[in-house]
Protein chains: 2
Amino acid sequence: MSELKNDLLLRALKGEELSRPPVWMMRQAGRYLPDYIKLREKYDFFTRVETPELACEITLQPVDQVGVDAAIIFSDILVIPQAMGMTVLLEEGKGPLLPNVIKTADDVDALNTANVEERLSYVMRALELTKRELNDRVPLIGFAGAPWTLLCYMVEGKGSKSFDKAKQFCFTQPELAHKLLQKITDITIQYLKAQVKAGADLVQVFDSWSGMLSPADFKAIAQPYLVQIADAVSKDAPVILFPKGSWYALSDLSKTSAAGLGLDWSLTPQLARQMTNNSITLQGNFDPSKLLAPIPQIRKEVKEMIDGFGTKKYIANLGHGILPNVPVDHARAFVDTVKEYSSVNNNVTA
Amino acid sequence: MSELKNDLLLRALKGEELSRPPVWMMRQAGRYLPDYIKLREKYDFFTRVETPELACEITLQPVDQVGVDAAIIFSDILVIPQAMGMTVLLEEGKGPLLPNVIKTADDVDALNTANVEERLSYVMRALELTKRELNDRVPLIGFAGAPWTLLCYMVEGKGSKSFDKAKQFCFTQPELAHKLLQKITDITIQYLKAQVKAGADLVQVFDSWSGMLSPADFKAIAQPYLVQIADAVSKDAPVILFPKGSWYALSDLSKTSAAGLGLDWSLTPQLARQMTNNSITLQGNFDPSKLLAPIPQIRKEVKEMIDGFGTKKYIANLGHGILPNVPVDHARAFVDTVKEYSSVNNNVTA
C-alpha cells in the first residue's frame with residue numbers, strides 16, 4: 001500500500017489512539033452538491049456510474065469541496081443484480097425499478113455469478129482512475145449492497161415500505177432464498193476483492209433494509225451472509241458492515257472479522273459501546289435530517305456525538321445518506337466540527 | 001362499566017393472571033377482509049369514516065369473522081388535523097395529502113382546538129353504535145395519533161421516508177413546534193376522553209413515526225406529549241402507547257401512567273421484558289409480513305412469541321398494521337393460535 005497522507009480512517013479501523021476521529025458522509029458524492037447537480041443535468045444515472053471519468057470526478061467532489069477524510073467510489077448497489085443479468089431501470093428522483101423480478105428456481109439458476117471483475121470493469125476503471133487522481137490524499141472506499149438488501153430489490157422489484165414480497169419469498173421458499181442469498185454473497189465477495197485490487201483501501205457493505213427483519217430473521221437471512229463477506233474480504237482490506245436498523249445485531253456483529261460497524265441514529269453512543277463491548281470501531285450516527293438545523297446546533301450536537309463515542313475506535317459519519325436538500329455549508333459545518341475536535345480539550349468518555 | 005363477556009384485554013392491562021393472552025390486530029378492520037373491500041368499492045374513505053353505520057359495520061367485521069378479543073373503532077388519525085381546520089385528502093391506495101401545510105406561527109395560531117367532541121361527533125356516534133352492537137362481547141378500543149406523528153403529516157403534508165421537513169420545522173423553530181405539539185396534545189386529550197365517554201373501554205395512541213427520531217429528539221419532541229396524554233386520559237380508561245421504532249424509550253415509558261406499551265418486531269420478548277423491568281403490559285409484536293408465511297410456520301412462531309412474553313401482562317398483536325395482501329385464513333391462524341394457547345401446557349417464561 002502506498003503512503004497515504006491522511007490515513008486517519010484506516011488508523012481508526014485499527015483501533016489506534018487519535019486526537020480526533022476521521023469523518024466522511026454516506027452519499028457524500030450526491031445531490032446536495034451543486035457541481036454534482038450540473039453533471040446530473042448532462043448525464044443520466046447509469047452514464048454517470050458507468051463512465052469512469054464521470055464517476056471519478058463525482059467521487060472527488062466532496063474531497064475537494066467539503067474536505068472529508070475519505071472518498072467513496074460513486075456507484076450503486078444495484079450494479080450487482082445488473083451484473084447477474086437483471087434489468088435495472090432508474091428514473092431520476094424516483095427509486096429503482098427491476099421489471100423482471102426473481103420468482104422461481106429457474107430465475108435463480110439463470111443468475112450469472114462469473115467474471116464480475118470483467119462485467120463491472122467500469123467500476124474497476126473508476127477506482128483505478130480515482131486512486132490515481134486522489135494521489136494518496138485520503139483513503140478510497142469501495143462498497144457493495146448486502147445480500148438481504150439486494151434480494152429485497154431483486155424479488156420486490158422496487159422500493160417498499162415493508163418489502164413483504166421479499167419476505168414472503170424467504171418465508172415460503174426458504175431453500176431457494178438461501179440459494180439466491182449465497183449466489184449474491186459469492187459474487188459480492190469477488191466484486192469487493194476486485195475493488196480492493198483496483199485501489200479501494202477498505203470496503204463498506206450496506207444492508208439498508210436489514211432493520212425490516214426481526215432479530216431471529218436477521219440471524220437466519222442476513223447475518224450469515226454478512227459474516228461470510230466479512231471473513232472473505234477482510235483478508236484483503238478492512239470491512240465495515242452497516243446493517244441499518246439492526247441495532248439488535250450489534251453484539252453478534254462485533255465478534256465477526258469486520259473492522260467496523262455502521263450505526264444509524266436510533267441509539268446513543270453509550271449504548272452502542274456497551275452493546276459492542278467497546279471491542280470494534282463504530283461509525284455514525286448523526287441524524288441526516290439534523291443537517292437541516294441551524295449551524296450552531298449542528299456544531300453543538302456533533303461535538304456531543306464525538307464526546308459520546310470518544311476519539312478512539314470511532315469514525316464520524318451520518319446515520320444514513322446525506323439528504324439532497326442539505327445546504328453545502330451545513331455539510332461543511334458537520335465535517336469542520338469533527339476536524340476541529342481535539343481530544344485534549346474535550347471530555348472524552350471512551 | 002357494563003359486564004363484558006370477554007374482558008381479557010382489560011384484565012391483561014391490569015396485570016391479572018390469565019391462561020392465555022388476549023389478541024387483536026392493528027388495522028384488523030381493513031383491506032385483507034373481502035367484506036371490507038366490498039364496502040370500499042361503494043363508499044370512499046371519508047364516507048366510511050364519517051358514516052357511523054359504516055364505521056360500525058367495518059369495526060365489527062373482524063370480531064365476527066376473525067374472532068379477535070377486541071374491536072377497534074374504524075377511523076383515521078388524520079381526523080384530528082381535519083378537526084383543527086386542515087384539509088386532508090386521501091386517494092385510495094395512496095397515502096394522505098394535506099395541501100396546506102403548517103409553516104408559520106399564523107398557521108399554528110389558526111388551528112382550532114375547541115369542541116372536538118362536536119366537530120368529530122361522527123366518531124362518537126360510531127363508538128356509541130358499535131358499543132351497542134357489540135353487546136358487551138368484547139372491549140371497544142378508541143384511538144388517536146400521537147402529537148409528533150400528527151405534526152409529521154401537518155408539516156410534511158404527506159408520507160415521507162425521512163420526514164425531514166417535519167424535523168427541520170422542529171429543529172429550526174423549536175418554540176413554534178412545541179406550541180403546535182401542545183395544541184395537538186390538548187385536542188387529543190379532549191378527543192380521547194370523549195371517545196371513552198362515547199363507549200371506548202380503552203384507548204391506544206399511535207406514534208407511527210417516533211422511530212424516525214433519535215433517542216434525544218424523542219425525549220424532547222415526542223415523549224413529553226405522550227406522557228401528558230397518558231396522565232390525563234388514564235384517569236378515564238387504560239391507555240396503550242405505541243411508539244413504533246422507539247425501542248430506546250421503552251424503559252422511560254414503562255414508568256408513565258400508561259397501562260400498556262405496543263412493540264414492533266425489532267426486539268425479542270426477553271429484551272422487551274428486561275427494558276421495561278416486567279412492570280407494564282406489553283403488546284405486539286409479530287412481523288406483519290410473517291402472516292404471509294405458511295400457516296404451520298405462523299402457528300409455530302406465534303406460540304414461540306407467547307412463550308417469550310408469557311401470558312401475564314401480555315396482549316398478542318402484530319408489530320404494525322396487518323398488510324392488505326394477507327389471506328384471511330392466515331389472519332385467523334394467528335388469532336386461533338393465541339386463543340388455543342394454554343399456559344398450563346406450555347413453558348411460560350414470564
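Predicted model: local features only at pLDDT ≥ 70, side-chain atom pairs only at ≥ 80, totals over all residues.
Biologist: How do I read a sheet, and what is the order of the strands in chain A?

Modeller: Strands of a sheet pair through backbone hydrogen bonds, either parallel or antiparallel. Helices (H or I, at least four residues) and strands (E, at least two) are DSSP runs, numbered from the N terminus, and two strands pair if DSSP finds at least two bridges between them. In chain A, seven strands make an open sheet in the order E1-E4-E5-E6-E7-E8-E9, and their pairing is parallel. Strand E1 (71–72) and strand E9 (314–318) of chain A stand at the edges with a single partner strand each, so one side of each has no neighbour in the sheet.

Biologist: Which residue of E8(A) is the bridge partner of A:Gly260?

Modeller: Strand E7 (residues 260–262) and strand E8 (residues 281–286) of chain A pair in the parallel sense over three bridges, and A:Gly260 has A:Thr281 as its bridge partner in E8(A). In chain B, two bridges join the parallel strands E6 (residues 239–243) and E7 (residues 260–262), and there B:Ile240 stands opposite B:Gly260.

Biologist: How do I read the packing of two helices, and at what angle do H8 and H11 of chain A pack?

Modeller: Axes are lines fitted to C-alpha atoms, for helices over the stretch in contact, and angles run from 0 to 180 degrees between N-to-C directions. Helix H8 (residues 121–134) and helix H11 (residues 174–198) of chain A pack at about 30°, with their axes 8 Å apart. H8(A) and H11(A) are therefore roughly parallel to each other (angles under 35 degrees count as roughly parallel, over 145 as roughly antiparallel, 65 to 115 as roughly perpendicular and the rest as oblique). Residues are in contact if their C-beta atoms, placed from the backbone, lie within 7 Å, and among those making this contact are A:Leu127 of H8(A) and A:Ala194 of H11(A).

Biologist: Which way do H9 and H10 of chain A lie?

Modeller: Helix H9 (residues 147–156) and helix H10 (residues 164–172) of chain A pack at an angle of about 100°, with their axes 8 Å apart, and that makes H9(A) roughly perpendicular to H10(A). The residues in this contact include A:Leu151 of H9(A) and A:Phe169 of H10(A).

Biologist: How are the two chains related, and how many residues of chain B are in contact with chain A?

Modeller: Two copies of a chain are related by a rotation about an axis and a shift along it. Here chain B can be laid on chain A with an RMSD of 0.0 Å by a turn of 180° and a shift of 0.0 Å along the axis, with the copies superposed by least squares on the C-alpha atoms of residues with pLDDT of at least 70 in both. The two copies are thus related as by a two-fold rotation axis. At the interface, 24 residues of chain B are in contact with 24 residues of chain A, and helix H10 (residues 164–172) of chain B gives the most to its side, with five residues. Since 100% of the interface residues of chain B are also interface residues in chain A, the copies meet through the same surface.

How values were computed:
Residues numbered from 1 in each chain as written. Chains lettered and ligands numbered in written order.
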